[in-house]
Amino acid sequence: MIPAEFEYEVAGSVDEAIELLGSREDAKLLAGGHSLIPAMKLRIARPGTLVDIGRIAGLSYVREDGDGIAIGALTRHQDVATSELLREHCGIVAHTAGEIGDPQVRHRGTIGGSVSHGDPASDLPGVLLTLDAELVATGPGGERRIAAADFFTGVFETALGPQDVLTEIRVPSLGGAGWAYLKFSRRAQDWATVGVAAVASNGGAKVGLVSMGATPLRASAVEQALASGADAAAAAEHADEGAEPSSDVAGSADYRRHLVRVLTRRALEQALSG
Amino acid sequence: MTAVGQSVLRKEDAKLLTGQGTYVDNLHPAGTVFVSIVRSPYAHARINGIDVSAAAAADGVVGVYTGADLESLWSGGLPCFWPVSDDIKLVKHLPLATDRARYAGDGVAVVVAETRVAAKDAAELVQVDYEPIPSVTDVEAAVADGAPLVHDDAPGNQAYTWELVTGDVDKVFADAAVTVKERYRQQRLIPTAMEPRGVLCEVNAAGDVTVITSTQGPHIMRTAYTLVLGIPEAKIRVIAPDVGGGFGSKLDVYAEDMIVIGLARKLGRPVKWTEERSEANVATIHGRDVIQEIELAATAEGKITGVRTRLRAAMGAYLQAVTPGVPLLGAWLYAGCYDVQAYDFHCTGVFTNTTPTDAYRGAGRPEATYAIERAIGALARQVGKSAVEIRRLNFIDSFPADIASGLQIDSGDYHAALDKGLEVLGYDAVLAEQADRRAANDRKQLGIGFSTYVEMCGLAPSRILGALRYGAGGWESLSVRVLPTGTVQVMSGTTPHGQGHATTFSQIVADRLGVEVSDVEFLSGDTAVVPTGMDTYGSRSLPVGGVALYHASEKVVAKAREIAAHQLEVAADDLDYEAGRFSVKGSPDKGMHVKEAAYVAWTAHNLPDGMEPGLEATYVYDPPNFSWPSGCHIAVVEVDTETGDVQLARYVAVDDIGNVINPMIVDGQVHGGIAQGVAQALWEEAVYDEDGNLLTGSLLNYLVPSAAELPSYELDRTVTPSPTNPLGVKGVGETGTIASTPAVVNAVLDALEPFGVTDIDMPTSPERVWRAIQEAKR
């Protein structure tokens, strides 16, 4: 419960955060702190410097932008979950934010922190991958947009460089498309044993998986089966193809493979019924 | 209106809920130094050397000590107070291991520093040369041929054997028309009190030792500190301040207390240790971890005639305060509330390379209740009777009841509790819903599970404890003092760690002395204020301590009567007494209140000849019997037959705990107890990997449920007052935990009946349920 020694700096702006990340050894960004600080207390994480970006103004918002919705990286899960704009245009994101952790976590944790942490058991990354969302990062070279498909690279690893600050998450408006996010966990507050996101699209669906490998995954075989005319039940049988789930106290790999097929079928039924 | 029987709001809560509670970690005497323990990461390892030089040189470090450095402080090691048998192996248990670490978490060195952070940082710098050796964490593997030995002087890892046999068991089984034999696994549990442990010790120049510790047992600790450290008991003051839960885990005598006290004496400075949560998961005792075999002999109709039980109970790496005795606390209960003729209980205690086990809420009785309540389900299936019919056929129905295992149940009415449970549940409607879902082959199947339990608590008659070789008595000491101005102090030998003693005990006194509940001040948890007591465990506070308080109050009333009679110039027998006031028979206007008698007793200007001044009394009560709560718990679960997910849909609990002092507090105890028992059925399990590492080392993976996982319970009561005490009360602290686990597992099995599943291990995780269905389909 006592972290190892670290330095602490408050960044007043994104530029200052980028500068601090570049000038300090083993610097880590601190936003809501609900993934990083527990890891530090267990001394699993030992950053040399914490760069607190929690006070940077203007990074907490949900707004329409072009044909999609832009979400500021410092927007707390609770604000994402209750955003009217998201509920109307991209309900799966609002719904999923409301499934994270417990009320205390949702009132402190941020969407940007959750996404850049790169935890394969995290709910939102799987949903963003399913939505083909874009992640906006600002670094020493300026701003760039990273496709969700390119963003999650490994367990706790992302495409963010050592001096990158994730500033915005951009998701599409779904119009009337059906969607579902099914989270299966032992307790309400737990990470997903398995999570499945589905969004109806062009008569088929896009499907994303949580806790089925080192990163969130797209269930491509399911998507292809649907595109070839398979029904939800038949398509869902392909849900674990290419997945490499781990075995832990929450469930064995075999069980996760079974579970992902059941949840995929249910998610598809829900999403495709509108 | 009497106070007893009312849901008086808890006096404790204003302080606790506004953050004004005083826990050990809130206390920082000037000059305090902090302790961090270096613990073995290996389940079993020789300690070939410890290099403390880097740690000793670190900033803020006061000293670094190995087990060898401190061994002279505690040559006897930590005590086991319950050597249950002649064959017990009382293995040496030093507060810091010297030659060999025997479980992952065993302490091997200690760092003392000016700050908690410095102590923690320096502990990482202690270099221990471990030589890992083969380990064994599973109780059955530990008794297999060739298993690694946890202690060289305990061959076969056997700690002890103990048996209880009555009646002609072999004949009963030979004559039985039907027998069933079941095997159950009680998984290992981690108690998880909200406040982790902590201890702070100060020693003054006169050698007075004050220990402030998060304990259920300040009086037991005072004695234990003397036994281990050789400090004269009269020089030790133990304070249990506000204590944030214990569930038995804070009854134990722990290494860290000895380390802190020893170092405070050695260094002449206040020394403090506060447990971290992940540290608590390895360093505080665990519960259960028992393999049970139970056999029932019965007639063709399903009337049980005999019970035979074989246990293998994990002790862990050492014997803590009452580790060996925990199975004995359930030894009489393996026939449950059923009338049988012959009884055979046999237990083997087994050492494993794990955190020691000890008493955890229910201690022995949840295990027994689980075994018989599941076995009776197996019997019902075999003879083709329903869960309700088989129970009605076998209930003990005449009280007091001499049971086959040899004790006497004080009172009860098991049919009435079952009737009420079925009524609250609306059994027929739930059965109809279940039938519909089965007929429709619904993805979500309903299961209904019963647990009709009886337990023995209110520990305990001292003579019985003596016969069982327990190292202490079972009495309790309570004192009542009426101050000159009429308010009342209660000095209680039993001290709370969340139970609400201050409120409940005040209600008892208020009625006896005719004062307000708010006039009563409850004092406990400080051996300087309350020098004698037997502390808090085994649902004993009310049926032992509360009864002592009743008698102490009666002694005060008797003395006040003498004073009033003297003042009013009448014979004591000529006074009526009601609501605190004595009045002269026939002249009710002439009278005196107990409060007035207290003032008279204080001035002592005009007391009867030979009477001692002051109005106070102490009563030490030794109960003549255990108290025997009973009841009927019914769980309804919904099982997702595709995922294996189990949702607890409803929970009905009808408990008979005799008379009730404070219904709200009783409901709270039942609520918490049920949550803990349901947790064993559905979520909690301490898991070791093959190398003996605890995989469930934090609250991320040791699944303590929250309110989100539990339904609103439907509680009711039946009341058969205990005839063995004047309050008619029984204990309630453990009933919910004892009763609920088998109710839930029986419900899961009932839901899976269409698949032919008849057995499942706890916790009934989604994966286990799914696998049980897959195997049954094969």
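**View 1. T354(B) sits in the loop between β15 (342-351) and α10 of chain B.** Helices (H or I, at least four residues) and strands (E, at least two) are DSSP runs, numbered from the N terminus. This is a predicted model, in which local features need pLDDT of at least 70, side-chain atom pairs count only at pLDDT 80 or more, and totals for chains, interfaces and linings use all residues. Residues are numbered from 1 along each chain as its sequence is written, while chains are lettered from A and ligands numbered from 1 in the order in which they are written. T354(B) counts as buried because it has 30 C-beta neighbours inside 10 Å (buried: 20 or more other C-beta atoms within 10 Å of its own, with C-beta atoms placed from the backbone).

**View 2. Here are the contacts of T354(B).** Leaving out residues up to four places away in sequence, T354(B) touches Y103(B), T137(B), A314(B), G316(B), A317(B) and Y688(B) (contact: C-beta atoms, placed from the backbone, within 7 Å).

**View 3. Helix α10 (residues 365-383) of chain B packs with helix α19 (residues 735-751) of chain B.** Their axes, lines fitted to C-alpha atoms over the stretch in contact, are 8 Å apart at an angle of about 30 degrees, with angles running from 0 to 180 degrees between N-to-C directions. α10(B) and α19(B) are therefore roughly parallel to each other (angles under 35 degrees). Among the residues making this contact are Y370(B) of α10(B) and V745(B) of α19(B).

**View 4. Chain A meets chain B.** Here 16 residues of chain A are in contact with 21 residues of chain B. Helix α12 (residues 253-272) of chain A gives the largest share of chain A's side, four residues.

How values were computed: Angles under 35 degrees count as roughly parallel, over 145 as roughly antiparallel, 65 to 115 as roughly perpendicular and the rest as oblique. Two residues are in contact if their C-beta atoms, placed from the backbone, lie within 7 Å. A residue is buried if 20 or more other C-beta atoms lie within 10 Å of its own, exposed if 12 or fewer, and partly exposed in between; C-beta atoms are placed from the backbone.
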